[in-house]
Amino acid sequence: MISNGYNPDAYLMTKILMLYARSGCLDDLCYARKLFEEMPERNLTAWNTMILAYARVDDYMEVLRLYGRMRGSGNFSDKFTFPSVIKACIAMEDMGGVRQLQSSVVKAGLNCNLFVGGALVDGYARFGWMDDAVTSLDEIEGTSVVTWNAVIAGYVKILSWEEAWGIFDRMLKIGVCPDNFTFASALRVCGALRSRDGGKQVHSKLIACGFKGDTFVGNSLIDMYAKCGDEESCLKVFDEMGERNQVTWNSIISAEAQFGHFNDALVLFLRMQESGYKSNRFNLGSILMASAGLADIGKGRELHGHLVRNLLDSDIILGSALVDMYSKCGMVEEAHQVFRSLLERNEVSYNALLAGYVQEGKVEEALELYHDMQSEDGIQPDQFTFTTLLTLCANQGNDNQGRQIHAHLIRANITKNIIVETELVHMYSECGRLNYAKEIFNRMAERNAYSWNSMIEGYQQNGETQEALRLFKQMQLNGIKPDCFSLSSMLSSCVSLSDSQKGRELHNFIVRNTMEEEGILQVVLVDMYAKCGSMDYAWKVYDQTIKKDVILNNVMVSAFVNSGRANDAKNLFDQMEQRNTASWNSILAGYANKGLKKESFNHFLEMLESDIEYDVLTMVTIVNLCSSLPALEHGDQLHSLIIKKGFVNCSVVLETALVDMYSKCGAITKARTVFDNMNGKNIVSWNAMISGMYPNEVTFLAILSACSHTGLVEEGLRIFTSMQEDYNIEAKTEHYTCMVDLLGRAGRLEDAKEFVEKMPIEPEVSTWGALLGACRVHKDMDMGRLAAQRLFELDPQNPGPYVIMSNIYAAAGRWKEVEDIRQMMKMKGVKKDPGVSWIEINSEIQIFHAGSKTHPKTEEIYNNLRHLTLQSKGLGYIPDTSFILQNVKDIKEEEEEEYLLQHSERLALSLGLISLPEKSTIRVFKNLRICGDCHTATKDTNRFHHFENGKCSCGDYW
């Protein structure tokens with residue numbers, strides 16, 4: 001045309017311009033621009049053509065330049081101009097430009113135009129000016145799903161979920177047909193609101209609209225159901241999807257990890273790879289979460305190696321996931337190494353390592369990391385940081401540190417946050433600072449179920465059970481429905497009150513609200529009924545539970561044990577398909593509590609043979625059993641197991657049990673060695689060694705007992721007074737009993753009697769028993785009769801007082817009264833506990849009763865005793881026949897002495913002498929007090945006597 005000398009007019013030039021500008025080729029666009037600049041006259045169409053062409057290639061700066069030139073040339077914008085220019089302002093984040101354009105649009109009367117108004121809606125929505133976006137939407141004539149989507153997306157962007165749902169609902173009501181983007185956004189809103197019902201409505205609507213097979217929508221459905229906790233629907237959507245993509249696999253793997261089904265997440269990850277999809281930073285993050293949840297350090301390290309090989313270990317998201325994985329697996333040193341190797345760190349990586357330190361109780365490391373976080377540029381502690389630190393303070397019971405963290409929260413202006421406020425309530429409650437917890441709780445502008453639960457649990461744990469019940473009712477009045485946690489606290493309160501009736505009311509509430517299948521509630525219900533003494537109800541709840549896991553089984557076994565039904569516990573234990581250490585420990589405790597010592601040891605041996613991992617609680621139970629026997633050889637073997645297992649210096653309770661065991665077995669040197677090597681000693685540990693530290697009531701009880709057994713009367717009286725006046729410790733029955741025993745043993749029977757009569761609390765069986773025991777030692781028949789009469793009234797089925805009074809009469813030769821006592825016992829059905837002594841020979845317990853003649857070495861035992869008696873007489877020993885508590889007045893002196901030889905402790909001692917190597921320590925144990933003649937001859941499990949070089953550790957004051 002040009003070569004032929006034809007000069008086209010403006011109309012034709014514009015058509016040629018449009019041809020080049022719309023071709024999509026940059027060279028053609030450059031030529032179009034050349035033609036545009038050469039045009040002697042440019043009309044509105046030419047300007048719009050070039051503006052649209054540059055908008056299509058995202059050259060928004062040039063769009064704005066051309067628009068400025070157009071306005072300067074006197075051309076007015078139209079419905080084709082504004083959308084491209086508004087889009088350019090949005091891309092350039094020119095919020096002021098959009099405002100100016102709106103004014104021009106309104107002046108041009110184009111705000112009602114679907115495309116121009118839609119562009120304005122999109123602009124305002126992208127900038128978060130949602131009121132303007134909705135106003136512009138309302139001004140548009142006609143409907144466009146794209147415009148409605150822009151408003152929904154705008155609300156989603158600023159997390160205004162309720163408003164986004166409102167726009168979606170309004171859109172449906174006026175008949176706008178949603179597209180796949182609309183449904184995906186609506187599903188995201190439902191997931192954020194945890195609105196499963198809303199999600200179900202959207203799901204039904206999208207099926208009706210024909211989007212069931214849309215992969216984009218299907219992925220959003222999986223994510224929504226995952227966030228709403230509906231695993232069944234989540235998996236159903238996944239299984240029914242005809243076509244899946246990488247996002248689909250990432251979503252379902254992430255969902256299973258969120259549900260805590262970590263094995264299923266790993267299986268899906270393998271299926272994804274078999275389907276030809278590759279691992280990426282999103283699914284690898286989920287798999288690291290699964291490894292952490294399973295505490296599968298092997299899988300975690302395998303993934304770590306994969307990340308290193310693919311140069312992904314420094315990625316901030318995956319690196320943080322690695323830190324989290326190692327932390328949750330208890331490998332905080334490895335977590336720290338990964339953390340230090342990250343090229344970039346954020347709040348997530350800091351919080352992951354901090355949580356690891358808190359989980360392991362590493363207080364100093366956690367606080368140091370917190371200070372490092374504060375000093376790093378661009379990173380500020382967030383609500384998760386503070387809630388983790390508050391958890392640390394709660395776990396440690398450290399309210400001082402907690403108050404410091406609280407101060408930091410105030411300075412950081414994060415206190416008006418429901419999660420933080422709730423964690424503060426929890427921390428102060430755990431630290432016993434209920435006044436602080438209540439103050440924070442009362443001023444909370446908003447409370448969720450966790451907030452109420454924390455306050456209720458705080459009252460319950462701190463013994464304010466009635467207040468916990470009141471708050472539980474108040475929570476319901478405030479519209480918060482009780483969940484399994486608040487109900488668990490309430491059921492625990494019923495245990496504290498021994499109120500099974502209230503427990504049944506709560507049980508009915510649980511049934512009415514179909515919550516009975518929640519595992520934790522079944523466990524707590526069984527425990528509540530059992531501890532309230534309603535074993536029939538406990539069994540009924542257990543028996544009606546369809547899915548019985550190992551925790552529920554353990555609780556039922558423990559319930560049987562604590563109610564003295566060891567056989568039922570063992571039967572249930574034998575039926576359990578799965579057992580853990582707690583299961584074995586429950587049976588062990590049951591046997592130990594019932595005094596079934598042989599069965600306890602056999603059960604422990606079976607536990608070892610079954611390769612069951614024993615724990616500290618196991619060892620505490622079995623060590624305490626050795627204390628009660630006592631059985632030193634077994635105790636030594638257990639101590640070796642404790643050392644091999646690495647339990648040394650990890651439990652003050654276990655080490656205290658060892659101290660107690662060695663003390664009661666007479667191995668004082670070993671007891672002191674264990675005691676001295678303890679890293680931490682509490683008041684119980686010191687009490688076990690009868691030593692210092694700030695004393696409590698148990699310490700004073702031990703000291704007063706020591707004074708009683710060593711004759712330190714004045715010292716004991718002074719200490720008793722000091723306990724009350726200097727240490728403000730209120731004397732209890734046990735302390736008064738000790739004082740009666742102290743005075744009685746010293747022969748100050750009248751003082752002892754006066755002490756009993758002036759006690760500010762009612763004397764108990766033990767108090768009168770101490771006075772009666774002193775009357776036996778000092779042969780005071782009249783006062784003994786008074787004490788015995790009170791004991792017959794207080795504890796008529798206890799054989800002890802009858803036996804002691806009978807012995808007092810026997811020692812005085814009052815055989816008629818002895819017979820009267822025996823007849824009284826017979827009439828009341830009271831049976832005397834037979835005296836028994838035992839000795840451990842070659843790891844076997846040899847038991848003797850008075851006059852026993854069943855032992856294979858009986859003849860040798862008695863001959864050895866006769867020989868020893870002759871030798872002892874030569875050294876000055878004179879048999880005290882007053883300890884023959886039978887009417888033997890018509891028998892000869894030699895026969896009287898033969899009676900003394902038949903005492904069970906002498907028989908056990910004789911066996912030790914003839915069976916153990918020379919210079920061995922002989923340990924004889926006895927269930928009753930040793931008789932005076934036997935003590936003189938050799939020198940009670942009631943007291944430990946250490947004989948060496950003819951002297952007894954009691955100093956003959958016992």
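Start at Trp838: its bridge partner is Phe925, which sits in strand 3. Before going on, note that this is a predicted model, where local features need pLDDT of at least 70, side-chain atom pairs count only at pLDDT 80 or more, and totals for chains, interfaces and linings use all residues. Residues are numbered from 1 along each chain as its sequence is written, and side-chain values use heavy atoms, leaving out hydrogens and water.

Now widen the view a bit. Strand 1, residues 836-841, pairs with strand 3 in the antiparallel sense over three bridges. Here, strands are DSSP runs of E with at least two residues, helices are runs of H or I with at least four, and both are numbered from the N terminus; two strands pair if DSSP finds at least two bridges between them.

The whole open sheet has three strands in the order 2-1-3, with antiparallel pairing. From one strand to the next, the twist averages 25 degrees. Helix 52 (residues 904-915) packs on this sheet and touches strand 1, strand 2 and strand 3, with contact meaning heavy atoms within 4.5 Å. Its direction makes about 15 degrees with that of strand 1; axes are lines fitted to C-alpha atoms, for helices over the stretch in contact, and angles run from 0 to 180 degrees between N-to-C directions.

What about the cysteines? The structure holds zero disulfides, a disulfide being a pair of cysteine sulfur atoms within 2.5 Å. For Cys209, the nearest cysteine sulfur, that of Cys177, is 4.8 Å away.
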